[in-house]
Amino acid sequence: MKNFLTCLMLAMFAHSIPGSSQQFLIDAPAEKRLQVLWQYCTDQLISDKDSVEIHRFFTTVANTADSLEDVSLKAYAQYFRMCYRVPFSSNHEKHFAAGDYHSPIALFRKAQQWAVKNRHPDIAASCEYFIGQIYFRAARYGHAFEHLLKADKAFKDIGYHKVPAASIYLYNIGGDYYRFEEYEKALDCFISALRYPTYVPRLELNTLNAVGLIYARFRDWTNAAKYYRQGIRKAIAYADNAWQGIGAGNLGNVFLSKREYDSALLYHRINYNLNTVEVPEDVAKSALSIATIFIRKQQPDSTIHYINSAQQLAARFYNTAISDGTERLKFRKRFLVVMMEYYKTKGDYRNALMYSDSITSVTDTLNSVLDDKLLSRAIEKVSLEGYQTKLQLLESNKRVSNLKLYLLIAVLLWIIVITALLFRRYRTRKNHQMHVAEQEKKELKLEKIKAEEDLRNAEVRLQEYLETMKVNSTLIENLDSELSQLKQTTSAIAHTAVTENLEKLVSSTILTDEDWRHFRNLFEQVHPQFIPQLKDRFPDLSPGETRLLILTKLKISTREMATMLGITVDAIRKARYRLRKRLNFDKESSFVTAIEEQDF
């Protein structure tokens, strides 16, 4: 009779939510019912449907669980009915006022109270987890990690193997660590997630891909390829072409990094053929990788085809509102690098130089954006570490409080009063000292992190600047060589035209006053003591002599130095000779060695 009533209720509900089946829970094995319910709600995006239908659905599921005597299924049906707008929604924020994250949090706090009262610790921990994720989506990272760490501790106390949907919780906590570039912790969470039942097939594919990405970041190509292959096999089993293509593209990048071009081409073409419509932004990257392979195989027609294809595919995604600005800049830089390599291989140094300059511009913009993100992440890391320290102090204080309780019971009342007063005074002073010390420690740590990041960024930018100038110098030498050959084979008019073009190119590489200010700023960040000590020991140096000494310190070759300063190589040698005599450098050592021996 109970099963008959259950089927009747599910049949009624089947008319309100398309695709529901009156038997999908009854026919499932007992240990799989909650998993089946979770996957069904995810696939149907049930949280985005009409509230009356949702309440009716979960009420029916709770009644079905009663008839099946499934306590866990009933508890989760009641839990979801209270918080239905968040767990299975494609975008839960649309159900609340703009910027209102307090309302969904209030729903989970109420559900958590119910779970604690009815002795459902896994649901109480799940509420803590969802509160943390809501804070995370609202960019309140301090509060987010406070709740996520509490949830993780509660899940561990219960035992993740006893927690329904453990793979979902672990994957998302791992994703939060990944956001903070805590790759080791993220990897541990992702691999742990793979040990538990898969409640949502696509989440398993995400997890395998994330593990592969972390190993690729560590340049552990063997493990990266291993997990990408597992993801591809799972995607084929789930008939998920999109993730089959994404996994193939990532595996192709592994082979491209190893310069195994035939294997790289095979897998990138799989992604290209599968995902051109569904995931154009990923296929655009594969198209650039394929173009790179054809450049190195010296097949220009195929190269141009895939470069054009990459541009068309990127335009369909990166020009939309949903695309990320940082990703758009990264794709632009990747495209420019491919174009520069293409023209350099063709021997078209003019266009290669143009794309080289564009790469520098995009890199500067991208570095500026990434610097802001790095600073934000550094601040968020300090907040997280501060909270972890706070938890440890709370646990320590709890143990101390228990010890005090036992001691207080053993002593007389008048000793208790005196001891308590003295301890309170000491405790207040000690806490104040600890608070002051902790604040100073946090400030020093934050300053240290920022200083280290600034130095690394300055070193990278200075190196990129020098590399750009070296590339430009090489291009000019090649063009000059070509000019010499033309003078022997062409007319005077052609000589004049080529010479004018060369002079324009040379003038474009000479350091302007603005270029020099930017260059000197980077140099002073990397070598802060050089210029002050130089001026202290040789106060009469001219600006031009100072420039020559700075470039010598960086071990710029004489020819590259001449190109950067817009003078002849012979002028550089004469200037060095004058400086050697003026500064009384050792005649036996080279000019570079003489500079290094000054120990600036």
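This is a predicted model: local features need pLDDT of at least 70, side-chain atom pairs count only at pLDDT 80 or more; totals for chains, interfaces and linings use all residues.
Me: Which residues is I531 in contact with, leaving aside its neighbours within four places in sequence?

Reply: Those are R520, F523, E524 and I550. Contact here means heavy atoms within 4.5 Å. Residues are numbered from 1 along each chain as its sequence is written, and side-chain values use heavy atoms, with hydrogens and water left out.

Me: Why is I531 called buried?

Reply: Buried means under 20% relative accessible area, exposed means over 50%, and partly exposed is in between (1.4 Å probe, protein chains only). I531 has 4% relative accessibility, so it counts as buried. As for its place, I531 lies in helix 21, residues 530–537. A helix is a DSSP run of H or I with at least four residues, a strand is a run of E with at least two, and both are numbered from the N terminus.

Me: OK, what makes N275 buried?

Reply: Its relative accessibility is 0%, so N275 counts as buried. N275 sits in helix 13, which covers residues 261–275. Beyond its neighbours within four places in sequence, N275 has contacts with N241, A242, G245, I246, P280 and V283.

Me: What makes the phi of A165 worth a look?

Reply: Most residues other than glycine have a negative phi. A165 isn't a glycine, yet its phi is positive, about 65°. You'll find A165 in the loop between helix 7 (141–158) and helix 8 (166–179). With a relative accessible area of 1%, A165 is buried.

Me: And K555, is it buried or exposed?

Reply: Exposed: K555 has 54% relative accessibility, so it passes that cut-off. K555 is another non-glycine residue with a positive phi, about 60°. Its loop runs between helix 22 (543–553) and helix 23 (558–565).

Me: How many helices and strands does the protein have?

Reply: There are 25 helices and 0 strands. Of the 600 residues in the protein, 42% are buried. Among contacts between residues at least 6 apart in sequence, 63% join residues at least 24 apart.

Me: What makes a group of residues a nonpolar core?

Reply: The members are buried Ala, Val, Leu, Ile, Met, Phe, Trp, Tyr and Cys residues, joined through side-chain atoms within 4.5 Å. The largest one here has 114 residues, and L37, W38, F57, Y79, F108 and Y129 touch the most other members. Helix 6 (residues 121–137) gives the largest share of this core, 10 residues. There is also a second, separate core of 32 residues, including W516, L548, A575 and F585. Going back to F108, its contacts beyond four places in sequence include Y79, C83, V86 and P87.

Me: How do you know that there's a cavity?

Reply: On a 1 Å grid over the protein atoms alone, a cavity is a set of points where a 1.4 Å probe fits but cannot get out, whereas a pocket is an open set with protein on both sides within 12 Å along at least five of seven lines; lining residues have an atom within 4 Å of a point. Points are joined across faces, edges and corners, and the volume is the space filled by probe spheres set on them. That rule gives 1 cavity of 30 Å³ or more. The largest cavity holds about 50 Å³. Its lining includes L205, N209, Y227 and W243. Helix 11 gives the most to this lining, with 4 residues.

Me: How do you know that this lining has no charged residues?

Reply: Asp, Glu, Lys and Arg count as charged; Ala, Val, Leu, Ile, Met, Phe, Trp, Tyr, Cys and Pro are nonpolar; the others, Gly among them, are polar. Sorted that way, the cavity lining has 6 nonpolar, 3 polar and no charged residues.

Me: What is the volume of the second largest pocket?

Reply: About 700 Å³. It has 21 lining residues, and V86, P87, S89, I168 and N172 are the closest to its centre. Helix 6 gives the most to this lining, with 5 residues. By class, the pocket lining has 11 nonpolar, 8 polar and 2 charged residues.
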